[in-house]
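Trainee: I'd like to learn how to read the inside of a protein model. Could you walk me through one?

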Amino acid sequence: MNNRRVVVTGCGVISCVGNNLADFWDSLVNGRCGLGKVTRFDTSEYRTRIAGEVKDFDVTKYMTAKEAKRLDLFCQYAIAASDEAMEMAGLPKELRGSGIDANRVGVIVSSGIGGLQTMSDQDRILQERGPGKVSPLLIPMMIGDLASGNISIRYGAGGPNLGLVTACSTGCHSIGEAFWDIKRDDADIMICGGAEASVVPLGMAGFCSMKAMSQRNDDPLHASRPFDLNRDGFVMSEGAGVLILEELEHAQKRGATILAEVVGYGATGDGYHITSPAPDGDGGARAIQMALRHAGLKPEDIDYINAHGTSTELNDKFETMAIKKALGDAAYKVAVSSTKGTTGHSLGAAGGIESIACIQAIRTGIIPPTINYETPDPNCDLDIVPNTARKCEVKVALNSNLGFGGHNGVVIYRKFE
């Protein structure tokens, strides 16, 4: 079973810095921030009034306007990113009858929060007009598994089909679990990643009440500043990141371009607190060590870590501790950047989007920077690739995500050889 190698053959992105892979990567390596004042609703009474909204998203490129009305925005993003990933992988949009066994193609594209706008809209209708006016589409538009469900229906994929919810680790865990689906011979291809669309009044209000988000409302381009001493919270964003994972021989037989290999996955729990990471970084460290063990790699083999790096006081401090605990002396030799200074924090989509950053670093030999880094924090003393992208060979890249509830996820990618 474990002799089955898993490779990446496609990537698709919807984000506040680009609605395709090329634009997204160009923004990342050039440090172009996609954060700004919220435009979709009045935020004058909100503690935080900035976010990373997806811009110029034309859903009719992917479906009819009528079809779009039956899908919450997170599902629309998931489908758009999946379409790009499928095209990049050279896979047909209709799997049945294509020569590919559709029942060996699975989907795990998940959301941390799901259809929050749909739920909010329909609750308002319930309160104002009564239960008989609530849409019959409320449930299938709201529940988070419907990103996977709709993608499966769209392409006719009959393999493993599920949605995971692990808060900000959702996308990362979805990729890791898809990796194991292929390793254990339950599928040959997995469409996987995360999608989120929570820049809505209820989502903003909830995070504002937690005092978890930055209040640099007059300077959104510099509000998200991972690992900087003066960080004051994350900036919420939205979008989707989707990968096509494939068993190596299956990909080679059909002539697919191999972007990278997935070699390790770690998933652990802190068992500590609903919002704070464990103060010694233990849970995150064990996830890294688990992924290294599955990959058969040593700490010194890691060239690049795309850190969770949310720009909150506790996350960045404890994540630094986790990396040191897991890698030992090698922690000071690895490049560690957080791309959330550019993209903001896309919650359940983060693991998908940031895994694509890892894959692109391997493909291009460019490490995206941690932007907005001005004042060093002695508690965050790793090489965080400050402000400017770095050219260097990346053979092994690690993506790390930490979620509310103490969920830790790590996926390791390696240059295919």
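Predicted model: local features only at pLDDT ≥ 70, side-chain atom pairs only at ≥ 80, totals over all residues.

Trainee: How is a pair of aromatic rings described?

Mentor: You give the distance of the centres and the angle of the planes. Take Phe 57 and Tyr 77: their rings sit 5.0 Å centre to centre with 80° between the planes, which is edge-to-face.

Trainee: Which parts of the chain does that pair tie together?

Mentor: Phe 57 is in the loop between β3 and α2, while Tyr 77 belongs to helix α3, so the pair ties together parts 20 residues apart in sequence. Both Phe 57 and Tyr 77 are buried. Another edge-to-face pair is Phe 207 with Phe 234, at 5.2 Å centre to centre and 90° between the planes. Here helix α8 supplies Phe 207 and the loop between α8 and β6 supplies Phe 234, linking distant parts of the chain, 27 residues apart.

Trainee: Are Phe 207 and Phe 234 buried or exposed?

Mentor: Phe 207 and Phe 234 are both buried. Going back to Phe 57 and Tyr 77, ring pairs link these two with Tyr 62 into a cluster.

Trainee: Now the cores. What do nonpolar side chains tend to do?

Mentor: In soluble globular proteins, they tend to be buried together. In this model the largest nonpolar core has 50 residues, and Leu 243, Leu 245 and Tyr 413 have the most contacts inside it. Several elements each supply at least two residues, including β1, α7, β6 and β13. The element that gives the most is α13, with 7 residues.

Trainee: Where does this core lie relative to domain 1 and domain 2?

Mentor: Domain 1 (7-254) and domain 2 (263-414) both give residues to the core, so it lies between them. For a close-up, look at Leu 243: beyond its neighbours within four places in sequence, its contacts include Cys 11, Ile 175, Ile 359 and Tyr 413. There's also a second, separate core of 37 residues, with Val 54, Cys 75, Ala 85 and Leu 95 among them.

Trainee: You mentioned cysteines. How many disulfides does the count come to?

Mentor: A disulfide is a covalent bond between the sulfur atoms of two cysteines. With a cut-off of 2.5 Å between the sulfurs, the count here is 0 disulfides. For Cys 11, the nearest cysteine sulfur is that of Cys 192, 9.5 Å away. For Cys 380, the nearest is that of Cys 168, at 18 Å.

Trainee: Why does Cys 11 count as buried?

Mentor: Cys 11 counts as buried because its relative accessibility is 1%, and buried means under 20%. Cys 380, at 2%, also counts as buried.

Methods: Residues numbered from 1 in each chain as written. Heavy atoms only, no water. Core = buried A, V, L, I, M, F, W, Y, C linked by side-chain atoms within 4.5 Å. Buried < 20%, exposed > 50% of the residue type's maximum accessible area, 1.4 Å probe, protein only. Helix = DSSP H or I, 4+ residues; strand = E, 2+ residues; numbered from the N terminus. Domains from an automatic or database assignment. Contact = heavy atoms within 4.5 Å. Phe/Tyr/Trp six-rings, centres within 6.5 Å; stacked < 30°, edge-to-face > 60°.
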